[in-house]
Amino acid sequence: MQAAQAFGVPDALYGEEVCAWIIPKPGASASEVEIRRSCQGQIARFKLPRYISCVPEFPATVTGKPQKYLMRDLAPGH
């Protein structure tokens with residue numbers, strides 16, 4: 001993976017769920033299942049992303065800082 005961003009999205013049951021956007025390295029690919037497997041044992045179960053999306057780029061400011069509020073608006077489950 002080249003880059004990743006995790007953020008919360010609204011959830012009716014828990015209040016918020018974890019969503020992860022991932023930019024794969026050039027020429028690489030990964031499925032949601034593979035990403036979840038690689039996270040298991042590395043982070044606490046409640047921190048595992050419920051939603052995972054592979055994207056070509058993150059919405060960013062002119063200085064390159066990722067704009068998580070835009071990601072949240074575009075995320076599944078929002």
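Reader: Which residue in β2 is the bridge partner of Ala4?
Author: Ile22 is the bridge partner of Ala4 in β2. This is a predicted model, where local features need pLDDT of at least 70, side-chain atom pairs count only at pLDDT 80 or more, and totals for chains, interfaces and linings use all residues. Residues are numbered from 1 along each chain as its sequence is written, and side-chain values use heavy atoms, with hydrogens and water left out.

Reader: What counts as a strand, and what counts as pairing?
Author: Strands (E, at least two residues) and helices (H or I, at least four residues) are DSSP runs, numbered from the N terminus. Two strands pair if DSSP finds at least two bridges between them.

Reader: OK. In which sense do β1 and β2 pair?
Author: In the antiparallel sense, over nine bridges, with β2 covering residues 15-23. Ala3 stands opposite Ile23, and Asp11 has Gly15 as its bridge partner in β2. A hairpin of three residues joins β1 to β2.

Reader: And how do β2 and β3 pair?
Author: They pair in the parallel sense, over four bridges. Cys19 stands opposite Tyr51 in β3, and Ala20 stands opposite Ile52.

Reader: What does the whole sheet look like?
Author: The sheet is open, with three strands in the order β1-β2-β3 and mixed pairing. β1 (3-11) and β3 (51-54) are at the edges with a single partner strand each, so one side of each has no neighbour in the sheet. From one strand to the next, the twist averages 20 degrees; angles run from 0 to 180 degrees between N-to-C directions, along axes fitted to C-alpha atoms (for helices, over the stretch in contact).

Reader: Switching topic. Where does α1 lie?
Author: Helix α1 (residues 32-39) lies across β2 and β3, at about 120 degrees to β3. Contact means heavy atoms within 4.5 Å. Together, β2, α1 and β3 make a right-handed β-α-β unit. Right-handed means that, with the strands pointing away from the viewer, the path from the first strand over the helix to the second runs clockwise.

Reader: Pockets next. What volume does the largest pocket have?
Author: About 290 Å³. A pocket is an open set of points on a 1 Å grid where a 1.4 Å probe fits, with protein on both sides within 12 Å along at least five of seven lines; lining residues have an atom within 4 Å of a point. The volume is the space filled by probe spheres set on the points, which are joined across faces, edges and corners.

Reader: Which residues are closest to its centre?
Author: Of the 20 lining residues, Met1, Ala4, Ile22, Ile35 and Cys39 are the closest to the centre of the largest pocket. β1, β2, α1 and β3 each give two or more residues to that lining.
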